[in-house]
Amino acid sequence: MDTLAHLANGFSLALTPINLLWCLVGVTVGTAIGVLPGLGPALTIALLLPLTYKVDATSAFILFAGIYYGAMYGGSTTSILLNTPGESASIVTSLEGNRMARNGRAGAALSTAAIGSFVAGTIGTIGLTFVAEPIVRFALKFGPAEYFSLMVLSFVTVSAVLGNSALRGLTALVVGIFLGMIGIDLQTGQPRFAFGVTELLDGINVLIVAVGLFAVGETLYLAAHGKSGPPEVLEVKDSIWMSAADWGRSWKAWIRGSLVGFPIGAMPAGGAEVPTFLSYWMEKRFSKHQHEFGTVGAIEGVAGPEAANNASAAGVLVPMLALGLPTSATAAIMLSAFQSYGINPGPQLLDTQPALVWSLIASLYIGNVMLLVLNLPLVGLWVKILKVPEPLLYAGILVFATIGTYGISRSVVDLLLLYAMGIMGYLMRRFDFPTAPVIIGMILGPLAEQEFRRAMTISQGDLTIFLTRPLSLTLLIIAFLGVAGPWIWSRLRKPAAV
Amino acid sequence: MLTRRHTLRLALLSTALAVVGGPVFAATPTSLNIFVPAAPGGGWDQTARSIEAAMRKDNIISSFRVEHRPGAGGAVGLPVFVSSKKGQGDTIMIGGLVMVGSLVANNSPVGLNQVVPLARLTGEAEVIVVPAESPFKTIKDLIEAMKKDVGKVSFAGGSAGGTDHILAGMIAKSLGLDPRKVAYVAYSGGGPAQAALLGNQVSAGISGVGEFAEQIKAGKLRALAVSSPNRVSDVDAPTLKESGVNVELSNWRGVFGAPGISDEQRKDLIALIEKMAAGSGWKYELENKGWDGILLTGDAFKKYVDEEVIRITAILTDLGLKK
């Protein structure tokens, strides 16, 4: 049987009423947990594992896949409306999304996020269906040296969020790298900068920092510098839907984001955040609407990263289904669910369990459609949240951020960290430091460091490993062009103009 | 920290019975709290789930409350268990070799001597693998290469100071090499480490048998040796000992009682575990998960834990991870 026949068979299994119901439950629960900061898809699926004792395998995996995709959709909603990312892959979405919302364009931002998620999720699922094998072979070519070079390239993206002063932006980046270092070092097992606090041994959750800096910091800033007088209500200026111009600017960004997100998601150490950074940087670089970035909010800056994170979610399933490799926390828990059915997930999964795998893939297509149908009508409802008077809205955000953070680990240390980050966010805003580089440094810093040290262990300290491996060299050249390219370009063009 | 309540009707009923008919059943607990110092999904969480499933199946206990406090190989959870569960005779904590290592490496102020060892339940052998294309055909080839230039043979495995790293260090030491010189590449989980092996990025890999078994069966990885005293049914490879490497290591997992429980409570909990281990439910769980049922209870287990602490402290010192 070829791929299409398998897929058709998968659809016939996934389209039974009971499985459609599981899919609906999954995407609804997923959207809800995506909205809440703290509770992520991995934890939710882990908590639902006992279901596997009662429900048959196909239904359980359709439910889990729905939760996983749903969480990717839901994460953008609070990023855009409340500047409070629901999960780490949605942090970048809040950069432009929240600016748009505050300029009365929440509807367009939410719509482009939802439709972009649908487009990217579908492109990713198509990729998973037809090109899983070659993608996996490509992804396995990435060793520590290549990952390090990829991280170097990703660091270039920080230039998109540096703000007016490079010194201030880079200071923020270094603060982020420092925060990322806290905790036990993987390569030596030694705690760093934990100061004897056991809660810090596993590092600081990047979501706490993002929510603290963005949401709490902004609330404090408004409280300190807000206008007195009658409370102001954010206005929803134009239609809540996307205009023709919005469509024209969004669709290319969706495609670009998907093309970046899917392969990086399929890489065992790629992660969901890196493609969102890369996509944001690309959109800003190529946009004709530079002035909108960081001011009124540019729609490409929402469309691209949102597409990238959904496509990467599909990418993560590639090594899981093709090789039985759990490359993310969610995939690891889904694989352990396979085991409770007596199925050993491995490279032969596709051969031994074709019906299960293909009905799972079919349910991803169905789930995507359900999520679009579920989320688009909600846009109108969500936008109404912004009608809440500002002081009340921000008080609500504070409560929401606190509950979400406490929900991550029920640890008081996390709450203290949240408020400490909030105060830092306030001070940074007050003295005009950009906050986004902190997040980039915190995510990329440790990734780059670990890959660098792995590469050094393997090469016995030989630094040329980064230049002698073709893929690694290519990535470094792209990174170099990203930094120096515009300057070289202008030099080359000047003589021609004279 | 997460809580999971199984509010089955049966559970409610038994709780009600525990309140009403308390004195009659005072000896054995009718509900059990399981404290898991790790995230849901990992080995300790699976152990907790298996205990729950086995006890339910054999009608030993039907009401459970599972609580997670993940972080740093148990070094975050243990202090919480010690301080918050004092004297609770219906609470057990999952732990094992990984926790021993983590407590030593982190210089934890709280140790396993502050909890009550109840029983060792399972053991899992470690396996040493190489990519299918590797020039190393047997463990002897790998050892020869290590003896020639130890830094050139890179090992992928779990976090530094964990079971996989400990085994790499023990092998180097038994060969007369400096364990610190082992080119150990730490990964945060089985997935990325396996990917490095499948992509031929490292010379060899070390992990639990269960983690690599499917890749070995598919011919993508070649098993060279296992660390258990006897061969493992899942994997066609000799033990380290029969290959002339005098090293034995089992990733054991067990259960501990809260500090300050009475001798009576300790005995009741041990009896409960023994009853479970003898039942058919537990046998099914062992088979399903591929664990060895190496039951050891009471004082014998306490002695075992003490010896493991000494042994692991020594090897971590050799690896330069214990200051």
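**Helix packing and the chain interface**

Helix α4(A) passes α13(A) in a right-handed crossing, the near helix being turned clockwise from the far one by less than a right angle. The model is predicted, with local features requiring pLDDT of at least 70, side-chain atom pairs pLDDT 80 or more, and totals for chains, interfaces and linings using all residues. Residues are numbered from 1 along each chain as written, chains are lettered from A and ligands numbered from 1 in written order, and side-chain values use heavy atoms, without hydrogens or water.

Helices here are DSSP runs (H or I, at least four residues), numbered from the N terminus. α4(A), residues 57-82, packs against α13(A), residues 300-323, at about 160°, with axes 10 Å apart; axes are lines fitted to C-alpha atoms over the stretch in contact, and angles run from 0 to 180 degrees between N-to-C directions. That angle makes the two helices roughly antiparallel (over 145 degrees).

With α16(A), residues 354-383, the axis of α4(A) comes within 9 Å and crosses at roughly 30°. These two helices are therefore roughly parallel (under 35 degrees). Their crossing is right-handed.

Finally, the contact between chains takes 46 residues from chain B and 42 from chain A. About 3,700 Å² is buried between them, 57% of it from carbon and sulfur atoms; this is accessible area (1.4 Å probe) lost on being put together, summed over both parts.

How values were computed:
Angles under 35 degrees count as roughly parallel, over 145 as roughly antiparallel, 65 to 115 as roughly perpendicular and the rest as oblique. Contact means heavy atoms within 4.5 Å. Buried area is the accessible area (1.4 Å probe) that two parts lose on being put together, summed over both.
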